[in-house]
Amino acid sequence: MYAISPTHRKSVHAIALWCWIFRGNDADYRELEGWPTDVVETFISRAEANYSSHIMCLLERRWQPMDSTQISLPVDELPKKWYNIAPDLPEPLPPPKEPETGPSRLEFLKSTMIGECLKQESSSQRWIQIPEAIRSLYVQAGRPRPLYRARRLERSLGLKKVRLYYKREDLSPTGSHKVNTALVQAFLAAKEGKRELVTETGAGQWGSALSYAAKLMDLNCIVFWVRAVYRWKTDRRTFMKLLGATVHASPSQETKVGRQLVREDANHQGSLGIAVSEGLEYADEHSGSVYCLGSVLNHVLIHQSIIGLETIEQFKLVDDDPDLVVGCFGGGSNFGGLALPFAGEVLKGKRECEFLAAQSEAAPNLVRGEYRYDFGDVVGHTPLLKMFTLGHQAEMMPIRADGLRYHAAAPLVSALRHHGLVEAVAYPADERVIFEAARLFFQTEGWLVAPESAYAVRAGVDEALKTEKAGDSKAILMNISGHGFLDLEAYKEKLNIE
Ligand SMILES: Cc1ncc(COP(=O)(O)O)c(C=O)c1O
């Protein structure tokens, strides 16, 4: 006889279907109890064969009405695999190259980076299993994260035909999406017997995320932080130190390249490219240390695909689909994390969707960069990667969204841009319209976003207004890559708040 187990998914399908078809939704589910098991099993398999996943969501009562504001995925539906778009690209991704002179950079990376991450870097596997231990770290860090419909923002913009959604990567222990790869890198480094993680940081979000992940894995963490930002983000510095990290303003006295730059200019403001060079040199010279990167590389975008994979499932729950995906863009990890799972389906002809990267005129790598081989750091410790680049020694003016100041764009996103799948826009470096969009978002939706994420909000709002004016209907999805609780100095300055 069939016995109902409330946690058994198939039972829930069958029971809900039974109630829906035969009895109306108020029927007593327990009526199936005691039926011959083979009859119920046949019923279940017919139901599964005949109903789309959306109807199954409805029948399981997971379906959330179109007017929901918060669209949540149950914890047990956290994706089990990451997505790697490399095998689905229109052409193979151009491989990393050795420069013509100097030592082998590929060998250098082998000795300074995490072995498993390097394997993922050149993987042609489309789906990569997420180890259970990492899934539980993700849950500990608040995954799955909700998707929101921006109803109050829509109302304040007078939108009638355009729907705005945002994914909540700000709801993370350290305040951004960076935790999605930090946890993986710390876990894998510990598994490979390393004792120390070394990294660069621009905005401080990546440094915070890695400090947090290192502490969970009982590893040391050394952060080289772009000096200009290290100076003004004093609270974020405290945050990293609270997590036990050692934080150096870069350029620093810790490395040859740092000392040289400080000799040339005692007040050097630093850059992300310099901080990467310092971190690589430091990791190379300290045994047991590995270098961890927070953006750009393929393995980082693979880990970040968790964002888009969750979001695809969340849209099914409200029976909607984005027509445009918008993310801010520094090196490409939050944008790629959200966009690439959708882009993979576009490439396979399974959906139609456009993609827009929001950048600053201070570092418009996708907008004004050239698609060519370049180094990932100032000194040239890394191999050459084919990417949209402004040149690895390009000088970039300071902005408050420091996390967007990187000279080059992730090779995976660069390849998609090269094939015409990704559009990009660059906003003026005075950032006035960016912070105004962030204020509007705060005053309507109630969430204070990171300066970087404010670029996605600005671009999402601009696109929404343009579409509405043209009389078209569209769903626009924005990524809120981080919160702005530790960025109030920037808000004060840019919005003239006393
Ligand atoms: C909140 C936030 N969003 C976005 C970025 C940009 O990086 P990426 O393009 O890799 O997502 C950063 C970088 O520090 C950040 O802190």
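Where is the place of Asp 218? Asp 218 sits in the loop between helix 9 and strand 7, and we'll come back to that spot below.

## The model at a glance

This is a predicted model, where local features need pLDDT of at least 70 and side-chain atom pairs count only at pLDDT 80 or more, while totals for chains, interfaces and linings use all residues. Residues are numbered from 1 along each chain as its sequence is written.

The protein has 20 helices and 15 strands; these are DSSP runs numbered from the N terminus, with helices being H or I of at least four residues and strands being E of at least two. Buried residues account for 52% of the 498 residues. Here, buried means 20 or more other C-beta atoms within 10 Å of the residue's own, exposed means 12 or fewer, and partly exposed is in between, with C-beta atoms placed from the backbone. Take the contacts between residues at least 6 apart in sequence: 77% of them join residues at least 24 apart. A contact is a pair of residues whose C-beta atoms, placed from the backbone, lie within 7 Å.

## Around the ligand

The ligand is surrounded by 21 residues, and the closest are Gln 205, Ser 295, Gly 330, Gly 403 and Gly 482. To count as near, a residue needs its C-beta atom, placed from the backbone, within 6 Å of the molecule. Helix 9 (205-216), helix 15 (333-347) and helix 19 (451-469) are the elements giving two or more residues to this shell, and helix 15 gives the most, with 3 residues.

By type, the shell splits into 7 nonpolar, 13 polar and 1 charged. For that tally, Ala, Val, Leu, Ile, Met, Phe, Trp, Tyr, Cys and Pro are nonpolar, Asp, Glu, Lys and Arg are charged, and the others, Gly among them, are polar. The ligand lies between domain 2 (83-132 + 177-291) and domain 3 (142-175 + 306-494), because both give residues to its shell. The domain bounds come from an automatic or database domain assignment.

## The nonpolar core

The largest nonpolar core has 137 residues, of which Leu 183, Leu 197, Val 326, Ala 358 and Tyr 455 touch the most other members. Such a core is a set of buried Ala, Val, Leu, Ile, Met, Phe, Trp, Tyr and Cys residues joined through C-beta atoms within 7 Å. Helix 8 (residues 179-191) provides the largest share of this core, 8 residues. Domain 2 and domain 3 both contribute residues to this core, so it lies between them.

Leaving out residues up to four places away in sequence, Ala 358 touches Val 326, Gly 327, Cys 328, Phe 329, Val 425, Tyr 427, Tyr 455, Ala 456, Arg 458 and Ala 459.

An open sheet of 7 strands runs in the order 1-4-5-15-10-11-14, with mixed pairing. Strand 1 (70-71) and strand 14 (422-427) stand at the edges with a single partner strand each, so one side of each is left without a neighbour in the sheet. Two strands pair if DSSP finds at least two bridges between them. Strand 11 (residues 354-360) and strand 14 are parallel and share 6 bridges; Leu 356 has Glu 423 as its bridge partner in strand 14.

Elsewhere, strand 7 (residues 220-226) and strand 8 run parallel, joined by 5 bridges, and Val 223 is partnered with Val 247 in strand 8. Strand 8 (residues 246-250) is mostly covered, with 4 of its 5 residues buried.

Lys 215 belongs to helix 9 and is partly exposed, with 16 other C-beta atoms within 10 Å. Beyond its neighbours within four places in sequence, Lys 215 is in contact with Leu 243 and Gly 244. Gly 244 is 29 residues away along the chain, yet the two C-alpha atoms are separated by 7.1 Å.

Back to Asp 218: its phi is positive, about 65°, although it is not a glycine. Asp 218 counts as exposed, with 10 C-beta neighbours inside 10 Å.

Val 296 is another non-glycine residue with a positive phi, near 70°. Val 296 lies in the loop between strand 9 (289-291) and helix 14 (298-317) and counts as buried, with 26 C-beta neighbours inside 10 Å.

There are cis peptide bonds to look at too. The bond from Arg 143 to Pro 144 is cis, with omega near -5°, and Pro 144 is in the loop between helix 6 (132-140) and strand 4 (147-149). Ser 250 and Pro 251 are also joined by a cis peptide bond, with omega about 10°; Pro 251 falls in the loop between strand 8 and helix 12 (256-264).

Methods. Contact = placed C-beta atoms within 7 Å.
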